Amino acid sequence: MTRMRLLLTLAVAAVCATASAAPRTKEQMKQAAVQAINEQLIKKRMAPKTANELQTLRTENGLEVMGFAGKGFAVVSKDNVAPEVLGVSDATYNGENTNFDWWVRAINQVVETAAANNTQL
């Protein structure tokens, strides 16, 4: 029985040692943003957008706000320790909402800390 526990402990340690935070590519982030935004637009019977129209509206160390000139934006994590899409809206992003700015800074800090500590959210 002790030998079985030792083997199980070693197996769990091996799995944990191989798990690591990994950054998402810009293309992965763009695809996640487009998909999330289009889901919101389609629900409101608005025409879906293409990835070619997508712009980076704000960049932080742990996330990016990506969206379209007209309507729709998504907050996308740069690291796989966090869900791809952290938030999505069909509104226009203007960067002047102080409450949203606070939220972005707080979520960015959470993602950065999780990535630095290799902690899955």
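I take contact to mean heavy atoms within 4.5 Å. The model is predicted, so I note that local features need pLDDT of at least 70 and side-chain atom pairs pLDDT 80 or more, while totals for chains, interfaces and linings use all residues. Residues are numbered from 1 along each chain as its sequence is written, and side-chain values use heavy atoms, without hydrogens and water.

Entry: Ile37. I looked up its contacts, leaving aside neighbours within four places in sequence, and found Leu54, Met66, Gly67, Phe68, Gly72, Phe73, Ala74 and Val88.

Entry: nonpolar cores. I use the term for buried Ala, Val, Leu, Ile, Met, Phe, Trp, Tyr and Cys residues joined through side-chain atoms within 4.5 Å; buried means under 20% relative accessible area (1.4 Å probe, protein chains only). The largest core has eleven residues, including Ile37, Leu54 and Val76. Helix α2 (26-43) and strand β3 each give two or more residues to this core, and α2 gives the most, with five. Another core, of six residues, lies apart from it and includes Val65 and Tyr93.

Entry: aromatic pairs. I count rings of Phe, Tyr and Trp (its six-membered ring) as paired if their centres lie within 6.5 Å, and as edge-to-face if their planes are over 60 degrees apart. I found four such pairs in the structure. Phe73 and Phe100 are edge-to-face because their planes stand at 70°, with centres 5.6 Å apart. Phe73 lies in β3 (residues 73-77) and Phe100 in helix α3 (residues 98-117), so the pair ties together parts 27 residues apart in sequence. Phe73 is buried, at 9% relative accessible area. Tyr93 and Phe100 are also edge-to-face, at 6.0 Å and 70°. Phe73, Tyr93, Phe100 and Trp103 form one aromatic cluster.

How values were computed:
Phe/Tyr/Trp six-rings, centres within 6.5 Å; stacked < 30°, edge-to-face > 60°. Helix = DSSP H or I, 4+ residues; strand = E, 2+ residues; numbered from the N terminus. Buried < 20%, exposed > 50% of the residue type's maximum accessible area, 1.4 Å probe, protein only.
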